[in-house]
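Please keep the sequence and the model at hand while reading.

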Amino acid sequence: MPDRIHLAVALDGAGWHPAAWRETTARPTELTSPAYWRALARTADGAGLLLATIEDALSLGGRSFEPDAETRRDRARGRLDAVLLASFLAPVTRRLGLVPTATTAHPEPFHLATGLQTLDHASRGRAGVRLVAGSTPQERANFGRRADGPTGLPASGRVEDDPALLSAFREAGEVAEVIRRLADSWEDDAIVRDLESGKFLDRERVHNVDFEGEFFSVTGASIVPRSPQGRPLVTALAHQSVPYRFAAEHADLVFVTPADAGAVGGILDELASGEREEPLRVFADLLVLVEETRTEAAAVWNRLQDRAPLTTDARVVVGTADDVVEEIRALTAQGIDGVRLRPARLPADLEAIADRVVPRAAAAGILLPDDGAPTLRERVGLPRLASRYARQEVGA
Amino acid sequence: MTRRQIHLAAHFPGVNNTTVWTDPSAGSQIDFSSFEYFARTAERGFFDYLFLAEGLRLREHRGQLHDLDVAGRPNTLSILSALAAVTEHIGLVGTLNTTFNEPYELARQLGTLDLLSNGRAGWNAVTSSDAFHGANFRRGGYLDHADRYVRASEFAALSKALWSSWRDDAIVADAETGAFLRDDAIARVRHESRLFDVDAVFDVPRSPQGRPVIVQAGDSPDGRDFATDHADVIFSLHTEFSDAQQFYRDVKGRLAARGRDEDSLKILPAATFVLGDTAEDARERSREIALQQVRPQTAITYLEQIWNRDLSGYDPEGPLPDVEPDTGVETAQGFAGRHAAIRDRVGQLREQAAAENLTIRELVIRLTAKHTFVGTPEHVASEIDRYVQERATDGFTVVGHVTPHGLDEFTDRVVPLLQERGSYRRSYDEGATLHDLLGLPPVDASAAGAASAPVPAATR
């Protein structure tokens, strides 16, 4: 019996390749339309994928630190807020986990947390978030609220060598902590509707979070009653040590970018950490371009690269569905929990994933079937936790 | 001559004592199915928009969470986005605070909702300056009371500049040349003031209605100024006929000085209703509902919020407390506007109770559970129509008292009568935006902020 894993997909605009919008299969004038996203989400949902992440950033140039990111006219531009887009997709999907990206430097943690709890209610337990630490200079200018922050990776390429980036990760940790605390602030049975006493609420089962950190404080309980998952799934993308530590400390699930299957072991070692309530789920990213033949795939890839070269940390697979399944199989043997596929082109490569990759991976016996677990958290094998505040009372 | 058309908004029941949770038919206030049911009912009744209030902290009473009323609600923007997916025509309007948000982020969220709903988004802009709510936010209760509307007004102006910074035809997506955007697709928006320092390039394309509809709910002179400067709709509390007419004339009269047409601002007061097969039947139901809305403990708690002291020893069915209010430290938090001039307020209440010979509970019913329209469907329809034809309002924001079925009866029994009168739509126009539904003038694309300049294209 081979190891079995989950498959996820990463959705972003016209796809992950910067020239993808120029392909004839692309729908470049619909990238911010409800019909486009409804179709993508339904394809992913219908294919039985575990979850879809949705990219986001708070500037026209995305997360780029390039100074001309906002002025160049050759890239697909225009975005929808990912948390709201995920909420829109909740009623039109059935099983798909919805994991929007949220930056931690600017939004109010309270708004973000209640937005995710609401997504969890609207999707009946399928909400997650991918937290992104820090901000770009363009994002800061758009907000006009904080002048200081990261200006890019330092020359060493290591996060730990830049105090602004380290600070950004500490702030992201606080946001993750507040999301968890607010999710726990209402115990499951806080709403009593007791006609006898006339009380709607048992105030003993709703708790102020009283969070005071280095960057902000949040005092009260959530305005949103506890949601189906209890805690929406917190995820992060990590390429190196500081982000690995952030994920190990604050995330339920981490997306990593091994250069090949052989690199997985070292990453898992780095992620291993002692103090966790539940295991950290690890998904490896693969950027994929799928055609019927390798020759066709290579031709498309070369055309795209000629128009705008892609730079990425993720392993790239250009080939047939069988080639992608082979890569997934190799990763699966290394002890990961899932693979997140980044379609080079949308919707073309998502359709190829749904029509060809998923069925072949399933036939190869490397996919975990849907076990019918009611929530995303339970589908990835994580228990629904009781409110921390409830447990404290039991212990007292 | 065509009749003036009635505009109706549907207020999802909130977290105050007017929302009855003790009724056997009362459902969940948080499950998505409740919102979906309510939205579909409103759409079946051809309402202009669904309206959601906001609360940014759970309400407290005497230092503890208030536990008598419905508590807990969704994040406004997230639930409206989800509703955009299950509705086709109805506007989606939410209350969002100008103090605890930043313009770029809120404008992109509202812009997102506007695109996801094909032009049906609206924003009820409210202000705050209090530290109680502020304690949940990065900046805390930092804003001087006097600056609330300064910030709100600049916030709205800046948001409008962002929403109009993209040309309608910004995206060319020319695969051959590789030009995704035209060169002058987007204007840069600068806003530098005491309260803001924004140098922004917006990242959300323009929506089918140009920008979301803006609603305003405050009644102060500052609030009225904000409304005449920025709002498309006023959610007022003026429901008594002559008072409503006076308010209507005052606000509409201010528009000309702002260069605005009378039809560019709609006034939709909050209205409750109770229907019955006969007038007597309706009055009885109104009485029963009021007693559910103001239970004995609700009445005492309500007075405690004003008196600011423990009144649990008083009989709710007896006379008003003979003790004086405690005007020291505030103990009730999150309840709107009751702390100014406590002693004056108590004096007024005593006068009212004496004049009408009211018990504590009867007084609180008068204050919080007086129903606007009570009668047969014919009576309620004719009253609503009279208010609109005689320019006391442009319509109403209908507030039901049970979740999620509070709109059913109105939709089934009153709406058809309004349609028969020729004062209310019988269908939605295909592709109508919320601006269209409200009969507002189209948004002028050339109204882009004066401080904006096109973002130059890079030379590559």
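Between chain B and chain A the count is six salt bridges, a salt bridge being a side-chain nitrogen of Lys or Arg within 4 Å of a carboxyl oxygen of Asp or Glu. One salt bridge is formed by the side chains of B:Arg108 and A:Asp56, at 2.8 Å from N to O.

The model is predicted, so local features need pLDDT of at least 70 and side-chain atom pairs count only at pLDDT 80 or more, whereas totals for chains, interfaces and linings use all residues. Residues are numbered from 1 along each chain as its sequence is written, chains are lettered from A and ligands numbered from 1 in the order in which they are written, and side-chain values use heavy atoms, with hydrogens and water left out.

## Extent of the interface

In all, 81 residues of chain B are in contact with 79 residues of chain A, where contact means heavy atoms within 4.5 Å. The area buried between the two chains is about 6,800 Å² (the accessible area, with a 1.4 Å probe, that two parts lose on being put together, summed over both), and carbon and sulfur atoms give 57% of this area. B:Asp67, B:Arg138 and B:Phe180 supply 13% of the area that chain B buries against chain A, more than any other three residues.

## A strand hairpin in chain B

S9(B) and S10(B) run antiparallel and are joined by four bridges, and a hairpin of four residues connects S9(B) to S10(B); strands are DSSP runs (E, at least two residues), numbered from the N terminus, and two strands pair if DSSP finds at least two bridges between them. B:Glu192 has B:Asp197 in S10(B) as its bridge partner.
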